[in-house]
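Dear colleague,

I am handing over the model we spoke about, and I would be glad if you could look through it with the notes below beside you.

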Amino acid sequence: MRVRVHLFARYREATGRVQVDLELPEGGTVETAWSAVVDRHPQLAQYRPYTLFAVGHDYVEPDHPLKPGDELSLFPPVSGGSSVAVRAEAAGEASP
């Protein structure tokens, strides 16, 4: 079955690709698709523990079964900026 995998943020930067089309066996899961993407782009393997998956507009677990024509999105770990309050707390100071 054919599925399309959309790559975001650092995944897109690391691979130089916006998307990857995969041919997976019937009964393939999100994890099957992840493994196929990593086979093509091994530099992504390190992010597996932190990756979020979505099919369509819904977040899904790695064991989610895929259907022909599904569009899977891979979201890498997200890091945010630090606020003044967070920096002050980390330093043991009172928040402003």
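In strand 5, S73 is the bridge partner of A54, where strands (E, at least two residues) and helices (H or I, at least four residues) are DSSP runs, numbered from the N terminus. V55 stands opposite L72, again in strand 5, and the pairing of strand 3 with strand 5 is antiparallel, over 4 bridges; two strands are said to pair if DSSP finds at least two bridges between them. Strand 5 also pairs with strand 1, here in the parallel sense and likewise over 4 bridges, with L74 of strand 5 as the bridge partner of L7.

Before going further, please note that this is a predicted model, in which local features need pLDDT of at least 70 and side-chain atom pairs count only at pLDDT 80 or more, while totals for chains, interfaces and linings use all residues. Residues are numbered from 1 along each chain as its sequence is written, and side-chain values use heavy atoms, with hydrogens and water left out.

These pairings belong to an open sheet of 5 strands with the order 2-1-5-3-4 and mixed pairing. Its edge strands, each pairing on one side only, are strand 2 and strand 4 (58-60), and neighbouring strands are turned by 30 degrees against each other on average, direction ignored. Helix 2 packs on the sheet and touches strand 1, strand 2, strand 3, strand 4 and strand 5, its direction making about 115 degrees with that of strand 2; axes are lines fitted to C-alpha atoms, for helices over the stretch in contact, and angles run from 0 to 180 degrees between N-to-C directions. Contact means heavy atoms within 4.5 Å. Taken from the N terminus on, the elements run β-α-β-α-β-β-β-α, with 3 helices and 5 strands in the protein.

The largest nonpolar core has 22 residues, of which L22, L24, L66, L72 and L74 touch the most other members; such a core is a set of buried Ala, Val, Leu, Ile, Met, Phe, Trp, Tyr and Cys residues joined through side-chain atoms within 4.5 Å. Two or more residues each come from strand 1 (2-7), strand 2 (19-23), helix 2 (30-40), strand 3 (52-55) and strand 5 (71-75), and helix 2 gives the most, with 6 residues. Leaving aside neighbours within four places in sequence, L66 is in contact with M1, V3, L24, G28, T29, V30, A33 and V55. Of the 96 residues of the protein, 34% count as buried, where buried means under 20% relative accessible area, exposed over 50%, and partly exposed in between (1.4 Å probe, protein chains only).

Two loop positions remain. V18 lies in the loop between helix 1 (10-15) and strand 2 and is partly exposed, with a relative accessible area of 46%. Not counting residues up to four places away in sequence, V18 touches V5, H6, L7 and R12, and its C-alpha atom is separated by 5.4 Å from that of L7, 11 residues apart along the chain. P49, in the loop between helix 2 and strand 3, is exposed, with a relative accessible area of 62%; P49 and P76 are 27 residues apart in sequence and 9.6 Å apart in space, C-alpha to C-alpha.

With best regards
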